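Let's take a walk through this protein together, from its overall layout down to a few individual residues. Please have the sequence and the 3D view open side by side.

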Amino acid sequence: MNSSEPATPTPAGRIPLHELVVHLHPSDNVAIAKAPIQPGTSLVWKSIDSCPVHIMVRQPIPTAHKIALQKIRQGQPVRRYGQLIGIALTDIHPGEHVHMH
């Protein structure tokens, strides 16, 4: 375990998105984890239209890794910094770990 990562899981309940992730640009469909996020964590995000969106974390998200904020269909762009950073190779659901090997 990395000493900079907390040993305890993220708190239960609904947590404002900005407390656990960095969402860099309004058009981004991914955000970056500030710390490890455990499955079952519920994130609350106000989308572009200001409606609250609840995102249930589906997989462990390591620190500095990306989490999907909305459904990204196979072939659709993945956006970070307001820029295209990749194309989804498979469907990605909100709350899933977004990565490429």
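We begin with the ground rules, then turn to the fold, the sheet, the cores and some single residues.

This is a predicted model, in which local features need pLDDT of at least 70 and side-chain atom pairs count only at pLDDT 80 or more, while totals for chains, interfaces and linings use all residues. Residues are numbered from 1 along each chain as its sequence is written, and side-chain values use heavy atoms, with hydrogens and water left out.

Let's start with the overall layout. The protein has one helix and nine strands; here helices (H or I, at least four residues) and strands (E, at least two) are DSSP runs, numbered from the N terminus. Read from the N terminus on, the elements follow the order β-α-β-β-β-β-β-β-β-β. Of the 101 residues in the protein, 34% are buried; buried means under 20% relative accessible area, exposed means over 50%, and partly exposed is in between, using a 1.4 Å probe and protein chains only. Contacts (heavy atoms within 4.5 Å) also say something about the fold. Among those with a separation of 6 or more, 55% link residues 24 or more positions apart.

Next, look for the sheet. Four strands form an open sheet in the order β2-β3-β6-β9, with antiparallel pairing; two strands pair if DSSP finds at least two bridges between them. β2 and β9 are the edge strands, each pairing on one side only. Strands of a sheet pair through backbone hydrogen bonds, either parallel or antiparallel. Strand β2 (residues 21-22) is joined to β3 by two bridges, and valine 21 stands opposite alanine 33 in β3. On to the next pair: β3 and β6 share three bridges, again in the antiparallel sense. Here alanine 31 has isoleucine 67 in β6 as its bridge partner.

Now for the interior. In soluble globular proteins, nonpolar side chains tend to be buried together. A nonpolar core is defined here as a set of buried Ala, Val, Leu, Ile, Met, Phe, Trp, Tyr and Cys residues joined through side-chain atoms within 4.5 Å. The largest such core has 14 residues, of which Val21, Ile37, Leu43 and Ile67 touch the most other members. At least two residues of this core come from each of α1 (17-20), β3 (30-33) and β4 (42-46). Apart from this core lies another, of seven residues, including Ile72, Val78, Ala88 and Ile92.

What is the nearest side chain of opposite charge to glutamate 96? Glutamate 96 sits in the loop between β8 and β9 (97-98) and is buried yet has no salt bridge, the nearest side chain of opposite charge being arginine 58, 4.5 Å away. A salt bridge requires a side-chain nitrogen of Lys or Arg within 4 Å of a carboxyl oxygen of Asp or Glu. For charge, Lys and Arg count as positive and Asp and Glu as negative, while His and the chain ends are not counted. A polar atom of the glutamate 96 side chain lies 3.0 Å from the backbone nitrogen of histidine 93. Leaving aside neighbours within four places in sequence, the contacts of glutamate 96 include Arg58, Lys66, Ile67 and Asp91.

Finally, visit some residues with more accessible area. Alanine 64 lies in the loop between β5 (52-56) and β6 (66-68), and its phi is near 70 degrees, a positive value in a residue other than glycine. Alanine 64 counts as exposed because its relative accessibility is 53%. Tyrosine 81, in the loop between β7 (77-80) and β8 (83-87), likewise has a positive phi, near 60 degrees. With a relative accessible area of 48%, tyrosine 81 is partly exposed. Proline 52 belongs to strand β5 and is exposed, with a relative accessible area of 53%. Leaving aside neighbours within four places in sequence, proline 52 is in contact with Val44, Trp45 and Lys46.

How values were computed
A polar contact is a pair of N or O atoms within 3.5 Å; within protein, one must be able to donate a hydrogen and the other to accept it, and residues adjacent in sequence count only if both atoms are side-chain atoms.
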